[in-house]
Amino acid sequence: MSALEIRQVRKDFGATRVLKDVSLSIDSGEFLILVGPSGCGKSTLMNSIAGLEPVTSGQILIGEEDVTWCTPAERDIAMVFQSYALYPSMTVRQNIAFGLEMRKVPKAEREEAVDRVADLLQITPLLDRKPSQLSGGQRQRVAMGRALAREPKIYLFDEPLSNLDAKLRVEMRTEIKKLHLRLGTTIVYVTHDQIEAMTLADRIAVMRDGHIRQLGTPDEVYNDPADMFVAGFMGSPSMNFINATLEGDAGAYRLVIETPDAPRLTLPWPAHRDTSAMKEQIGRRVVLGLRPEHFSEEDIRLTDQAEGTLLTAPVTVSEPTGADILLRLPLGEGEVTARVGPKIKVKAGDRVDLRVDMSRAVLFMPDSEQRLA
Amino acid sequence: MDNVIRRRTLGARLARWAVYAVLVGMALFYLLPLVVMLLTSVKPLEEIRAGSLLALPQAPTLAPWVKAWSEACTGMRCEGVGGYFWNSFRIVIPAVAISTFLGALNGYALTKWRFRGADLIFALMLFGCFIPFQVVLLPMARTLGWLGLSNSTAGLVLVHVVFGIAFTTLFFRNFYVAIPNELVSAAKLDGAGFFRIFWRILLPVSAPIFVVSVIWQFTQIWNDFLFGVAFSAFETQPVTVALNNMVNTSTGVKEYNVDMAAAMIAALPTLVVYVLAGKYFVRGLTAGSVKG
């Protein structure tokens, strides 16, 4: 059963169209993440689901029921805000119980719910404090507690972790994932952090300019991106886009890359990944998408030797991250980033030999930015 | 200890002392009228005629205060300003309470339940802060007559509420605009409505701006003379009008000490309000301008 369905939702702010016929459907118990750069409409979509802003046209259904014109209270939704939005004059206990109180839940039941949630989130010792006496991480927990107390049909999370420091953010991320696995709740979660999206989601909707550019599992979105925007947005450091010319013919395509002051590089395209659309692009320019981890140092043997083409280039910058090293090197008209193991000892100016794993490479059309193969 | 690093040369120190001296001198100068009033109000009349303004009273007496309160003539009657003092409270308390409450409600609606034209309405209300009182005297008199509130305390309260709303709305709007909208969104999702959110979420955090609004309105309405003289009957006159009548009563000798005592009585409530809540006044005015 779909817990939430959005049909052709459109939202205008004056003359600007912020949501352009967005449609999606979420199953009960699913964790959906809306991700995209600022201004892509993800927060507006969230507010539309919550009923905080009316939509211009389209329909929103919760549990098969049309709620397009229902007030936020009638929708039975709970939301965790980026700023937490804890009621400053109330204690943690009152904050958590407020929603239940508004819904006229008897006092005994309210207390039971507060205890249950406090126990779940380990905030029992904080129950009689005011929000101003809590740290950022504790406020975050209370904000989640407030949402969990009511057991609504859908939970909305609006960038809940973006005000936390890096370490706490990772901890809370894991905790949210555990909570979801344990409670089986339906969650729509907005973030601009693609790592949060990858780690938490059952499905990811990548948004841009009021459109959903791709809706799929984290694996699909990451390894099988629909267009250059999705490919570039997901992953950090982001995917390298290299201008190349498509040569050869079906079963034996090649990508030729011209790098200034370097010999031209020819990369064979794995035959099993041919698409019919490639035929029309023979002799034309295409964009080759390679993720930093598709490069590897020469001594690592790839399973399929034919797809691991050797590349030699001078390193312009070497950035050790601890777990691995990011190398910047010239390829095509610009520079690319390669992620290699931490043992490789190179400094700027050194030449390195790298293998390119073409079995995971993707191709795009340069003008439409759509996926070619 | 203050938190400033200063040069420790002799010249720098002398300059600082000079600054302090000027400041103290200015403060004394500013306080002088009050001192003169206070001294005069406790002197017998002979001493006032004989001595200088600043001379300390030789035989201090509270008789002028007693007379000002209960015996002095204000026009035809000689009952002091005491009764009018309470009249003022009868006008000020409801007027301050109603205008502050409506201002809070307006500020809340203008910032948290934004509707088409909210900015225009706010701009028009702001305009109300700049309307000179004299302009509305006649239309207001007609309106009060039409409402059957001429010469009544209720009529004066209405006039002050109408004029006060512009200021109180401004105060509360600017205060609430700094309160995150997400707080209201959260309460909506929790199932609270317009008044419930106002009452439970916003009012409990509004104390600083309430103090500002109350002090401002109290001072304005208490000190009002024009509306008081125009729209009140003899029985409902505020103390400012009574004070004027008393000082201008031209029968008998001019009793400066009684006049001064009456003026002190008329000024006392605003003074007390400011001394008690002045700290919060400044705090409320600057609230939101600096974080934390």
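Analyst: Let us begin with a definition: a helix is a DSSP run of H or I with at least four residues, and a strand is a run of E with at least two. Please note that the model is predicted.

User: What makes residues 91–108 of chain B helix or strand?

Analyst: The span is 100% helix and 0% strand, and its end C-alpha atoms lie 26 Å apart. Residues 153–176 of chain B are likewise 100% helix and 0% strand, with 32 Å between the end C-alpha atoms. Both spans are among those that the unreviewed UniProt entry lists as "transmembrane region".

User: How do you know at what angle helix α4 and helix α7 of chain B pack?

Analyst: Lines are fitted to the C-alpha atoms over the stretch in contact, and the angle is taken between the N-to-C directions. For helix α4 (residues 82–112) and helix α7 (residues 153–176) of chain B, this angle is about 35°, and the axes are 6 Å apart. The crossing of α4(B) and α7(B) is right-handed. The residues of this contact comprise 16 nonpolar, 11 polar and 3 charged.

User: Why are β12 and β13 of chain A said to pair?

Analyst: Two strands pair if DSSP finds at least two bridges between them. Strand β12 (residues 252–257) of chain A and β13(A) have 4 bridges in the antiparallel sense, so they count as a pair. Within this pairing, A:L255 stands opposite A:L267 in β13(A).

User: What makes β13 and β21 of chain A edge strands?

Analyst: The open sheet has 5 strands in the order β13-β12-β11-β14-β21 (chain A), with antiparallel pairing. Strands β13 (265–268) and β21 (362–364) of chain A each pair on one side only, and are thus its edge strands. Neighbouring strands of this sheet are turned by 40° against each other on average, direction ignored.

User: How do you know which residues of chain B touch chain A?

Analyst: Two residues are in contact if their C-beta atoms, placed from the backbone, lie within 7 Å. By this criterion, 13 residues of chain B are in contact with 17 residues of chain A. Helix α8 (residues 181–189) of chain B gives the largest share of chain B's side, 6 residues. That side has 8 nonpolar, 2 polar and 3 charged residues.

User: What does the domain assignment give for chain A?

Analyst: It gives domain 1 (2–233) and domain 2 (240–364). Their centres, taken over C-alpha atoms, are separated by 39 Å. In chain A, 5 residues of domain 1 are in contact with 6 residues of domain 2.

Definitions and conventions. Residues are numbered from 1 along each chain as its sequence is written. Chains are lettered from A and ligands numbered from 1 in the order in which they are written. This is a predicted model: local features need pLDDT of at least 70, side-chain atom pairs count only at pLDDT 80 or more; totals for chains, interfaces and linings use all residues. UniProt positions are given in the numbering used here, feature names are shortened, and annotations may be inferred rather than shown by experiment. Axes are lines fitted to C-alpha atoms, for helices over the stretch in contact, and angles run from 0 to 180 degrees between N-to-C directions. Domain bounds come from an automatic or database domain assignment. Ala, Val, Leu, Ile, Met, Phe, Trp, Tyr, Cys and Pro count as nonpolar, Asp, Glu, Lys and Arg as charged, and the others, Gly among them, as polar. A crossing is left-handed if the near helix is turned anticlockwise from the far one by less than a right angle, and right-handed if clockwise.
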